[in-house]
Amino acid sequence: MKDKSHDPNQMTGAAMIVRALIDHGVQHLFGYPGGAVLPIYDEIFQQSEVEHILVRHEQGAGHAAEGYARSTGKPGVVLVTSGPGATNMVTALTDALMDSIPLVCITGQVPTHLIGNDAFQECDTVGITRPCTKHNWLVRNVNDLAKVLHEAFYVATSGRPGPVVVDVPKDVQFAVGTYHPPRKSDVHISYAPRVKGDAAQIRKAVALLASARRPVIYSGGGVINSGLEASKLLRDLVEFTGFPITSTLMGLGAYPASGKNWLGMLGMHGTYEANMTMHDCDVMLCVGARFDDRITGRTDAFSPGSKKIHIDIDPSSINKNIRVDVPIIGDCGNVLGDLLQAFKAEAKRPDIKAWWQQIAQWRARNSLSYRKNNDIILPQYAIQRLFELTRGKDTYITTEVGQHQMWAAQFYGFEEPHRWMTSGGLGTMGYGLPAAVGVQVAHPDSLVIDIAGDASVQMTIQEMSTAVQYELPIKIFILNNQYMGMVRQWQQLLHGNRLSHSYTEALPDFVKLAEAYGGVGLQVIKPADLDGAIKEMIAIKRPVLFDCRVAALENCFPMIPSGKAHNEMLLPEEATDEATATAFAGGKALV
Amino acid sequence: MNQPASAYFLEERHDPNESHTLSVLVQNEPGVLARVIGLFSGRGYNIESLTVSETESQKHLSRITIVTTGTPMVIEQIKHQLDRMIPVYRVVDMTLSGRSIERELAMVKVRGTGDHRVEALRLADAFRARVIDATTESFVFEITGNTAKINQFIDLMRPLGLVEVSRTGVAAIGRGPEGM
């Protein structure tokens with residue numbers, strides 16, 4: 001029998017986990033220790049290749065890893081304990097699943113023989129996380145651990161990216177077994193995502209695009225996920241064809257906001273020109289987006305006269321909400337490359353001058369306008385100033401969820417992909433602050449700003465402590481209106497102005513709170529002081545809570561009212577109480 | 001369109017429902033059935049019938065047969081959603097292929113005496129059901145066939161003293177020499 005005592009691949013399960021992280025190039029790990037992961041933490045203590053970032057709540061670890069992943073294109077890695085550690089991760093896992101963010105989450109589990117016994121800090125982690133992960137595994141044998149870990153990284157990062165969970169009982173962490181480096185046979189042979197698009201479908205798409213008179217490109221987060229090359233190809237395609245382009249919330253930055261063909265974001269709070277272009281187009285090219293309900297409005301009236309081409313790596317995205325004419329399954333970058341090549345070789349660019357003239361008329365409506373105010377800071381103005389004063393800097397923006405998020409999407413111009421981290425699908429309040437922590441860990445010298453609301457930010461405010469501990473100079477720019485603004489907006493529009501529990505009567509003093517955490521607090525009330533304070537914030541190389549007091553009752557427009565189509569938008573100057581009451585079906589009396 | 005005040009677009013869809021039989025070849029590993037069932041309950045799909053068993057033990061393959069109903073768009077979604085699961089090898093729509101055989105097995109317990117008992121036996125013979133248990137006042141019949149045939153048999157047994165039924169659910173296979 002071979003003597004295994006000197007075999008370098010013989011090691012404990014805990015050591016395998018750290019070894020696998022190193023083999024997959026993981027430099028940062030977000031986590032929180034606990035009983036069922038102590039052997040892994042012991043291994044982490046004894047090495048220096050993987051840096052562990054200690055958060056204050058497991059949800060924070062999840063969102064930090066999401067921010068890390070979204071801003072780098074690499075998987076975010078999380079380590080949490082069994083029971084509450086795992087259940088606290090559920091929100092972040094679901095968030096990552098909805099937004100296709102690659103996360104590898106390792107959870108501790110009670111020892112194998114106690115599973116099912118209602119042991120201390122036991123929960124059915126694989127059962128609970130099955131619907132909120134792309135895949136998950138419970139590893140009962142240490143000799144399966146290496147294979148599962150390697151497969152986990154592959155599944156998380158390939159195809160349509162997503163979160164995965166590897167649940168490792170404590171006895172498996174202690175047990176000694178054989179490790180092997182990543183190899184192809186680690187992956188289920190049943191899992192083979194399609195990358196290259198069908199050539200015949202691509203030719204059909206080119207023929208449609210070439211014959212278009214009123215085309216539009218509608219891109220989404222899939223382009224960002226596909227990598228920098230996909231964004232470059234998208235820009236090349238827009239440049240070559242001269243087509244107008246809009247994007248979903250998740251896709252901002254793939255095409256630059258300063259680009260001449262940019263229509264702004266589309267959807268419920270998108271621009272008038274983007275939504276009208278979508279509604280009246282004759283050929284739509286959807287790249288890496290999924291016709292989400294915030295995008296389409298009323299589906300039976302969605303872009304009724306158009307032929308639709310849909311590029312997506314996930315076949316289940318095709319025909320889910322909207323029937324399309326030419327589906328192309330494949331990776332956005334790969335398909336865009338083939339499509340552009342075919343277009344250049346086979347087809348002439350259509351003449352769409354008249355279409356641009358029409359779009360110019362829609363643009364002239366200036367749907368993002370708002371009235372100026374010298375006495376109180378309007379939230380739109382605050383974002384505009386933040387954008388102007390950070391323009392040209394190496395900036396990453398995260399957000400929480402609500403009105404501030406929509407204003408950030410409308411008024412902050414993104415020039416590059418991977419610069420915008422927001423919770424789109426799940427709409428997780430409390431995402432932005434920990435996400436900023438993760439982004440700053442990945443980009444220590446960059447300017448990382450969480451555009452926040454006063455309600456959202458309190459959901460994960462404890463991660464200020466993490467930022468202080470690791471000297472991460474994140475800037476939390478709070479648009480403070482004392483309301484859950486988006487909740488209130490819906491109550492005003494749809495529930496007779498009965499503002500049920502959307503006002504926060506007691507808010508912390510954010511300046512003192514920042515100081516209590518060891519950060520810096522700033523507060524601004526007057527528009528005249530805003531620029532100076534933003535500059536001061538940027539100059540401070542420590543975590544900052546910026547309490548920007550804004551107009552309390554400002555609402556987010558333009559807007560597609562519920563049950564309406566893209567061409568029935570409510571524009572800001574038209575959003576009088578009466579017009580709003582009429583626009584919203586059901587005819588609720590509004591104040 | 002009138003709808004209650006809501007942040008969501010509330011639409012009623014009026015496409016007619018269709019019934020489809022899907023054969024799903026999966027890696028036989030812990031939790032795989034829970035994944036499939038969870039997909040159906042989580043996304044609000046219907047399961048009319050579900051059968052599962054390992055079919056190739058050396059390759060650890062199991063075959064799941066699901067009878068489901070939904071609009072054509074929903075059926076298409078179900079197939080894609082199943083297909084993108086990591087341990088799923090293949091999903092075949094047996095209904096769409098149009099060349100499949102569907103069978104299920106039922107055991108039907110009937111209690112009665114006299115004319116009812118004779119009539120039950122006569123009908124069982126006509127349906128090619130076998131008697132697999134008998135007492136002086138009861139029979140258990142074993143019957144195989146498609147779902148409609150079994151439903152019809154059970155309906156006929158009801159007035160004759162039907163006690164209970166145990167059914168396997170539908171198993172399906174394609175006609176001709178090719179595998180799925």
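1. Two residues count as being in contact here when their C-beta atoms, placed from the backbone, lie within 7 Å. Keep that in mind for the packing points below, and remember throughout that this is a predicted model.

2. Let's begin with helix α23 of chain A, residues 527–539, where L530(A), I534(A) and M537(A) are buried. What covers those residues? The cover includes one helix, α16 (379–390), along with the strands β18 (475–480), β19 (520–524) and β20 (544–549), again in chain A.

3. If you want to click through them, they are Q403(A), H404(A), Q405(A), M406(A), W407(A), A408(A), A409(A), Q410(A) and F411(A). The partners they pack against are the strands β11 (262–265), β15 (395–399), β17 (447–453) and β18, plus the helices α16 and α21 (485–494), in chain A. Note that α16 and β18 turn up in the cover of α23(A) and also among the partners of α17(A).

4. The crossing is right-handed. On the α1(A) side the contact uses A14(A), A15(A), I17(A) and V18(A), while α2(A) brings P39(A), I40(A), D42(A), E43(A) and I44(A). By class, that is seven nonpolar residues, two charged and no polar ones.

5. Leaving aside residues up to four places away in sequence, I40(A) touches A14(A), I17(A), L79(A) and Q173(A). A15(A) lies 25 residues from I40(A) in sequence, yet their C-alpha atoms are 6.9 Å apart in space.

6. The axes come within 8 Å and cross at roughly 140 degrees. Y272(A), E273(A), M276(A) and T277(A) come from α12(A), and they meet I359(A), W362(A) and R363(A) from α15(A). The contact is made up of four nonpolar residues, one polar and two charged.

7. F557(A) and P558(A) are joined by a cis peptide bond, with omega at about -5 degrees. P558(A) is placed in the loop between β20 and α24 (577–583) of chain A.

8. S100(A) has phi near 55 degrees and belongs to the loop between α5 (90–98) and β5 (103–109) of chain A. N497(A) has phi of about 60 degrees and is in the loop between α21 and α22 (510–517) of chain A. How do their surroundings compare? S100(A) is buried, with 25 other C-beta atoms within 10 Å, whereas N497(A) is partly exposed, with 14.

9. Finally, chain B. The chain has five helices and nine strands, and from the N terminus on the elements run β-α-β-β-α-β-α-β-α-β-β-α-β-β. The C-alpha trace spans about 65 × 55 × 30 Å along its principal axes. The radius of gyration of chain B is 20 Å, against the value near 16 Å that a compact globule of 180 residues would have.

10. Two more figures for chain B. Of its 180 residues, 26% are buried. Among contacts in chain B with a separation of 6 or more, residues 24 or more positions apart account for 74%.

Terms used: Residues are numbered from 1 along each chain as its sequence is written. Chains are lettered from A and ligands numbered from 1 in the order in which they are written. This is a predicted model: local features need pLDDT of at least 70, side-chain atom pairs count only at pLDDT 80 or more; totals for chains, interfaces and linings use all residues. Helices (H or I, at least four residues) and strands (E, at least two) are DSSP runs, numbered from the N terminus. The radius of gyration is taken over C-alpha atoms; the globule rule is 2.2 Å times the number of residues to the power 0.38. A residue is buried if 20 or more other C-beta atoms lie within 10 Å of its own, exposed if 12 or fewer, and partly exposed in between; C-beta atoms are placed from the backbone. Axes are lines fitted to C-alpha atoms, for helices over the stretch in contact, and angles run from 0 to 180 degrees between N-to-C directions. Ala, Val, Leu, Ile, Met, Phe, Trp, Tyr, Cys and Pro count as nonpolar, Asp, Glu, Lys and Arg as charged, and the others, Gly among them, as polar. A crossing is left-handed if the near helix is turned anticlockwise from the far one by less than a right angle, and right-handed if clockwise.
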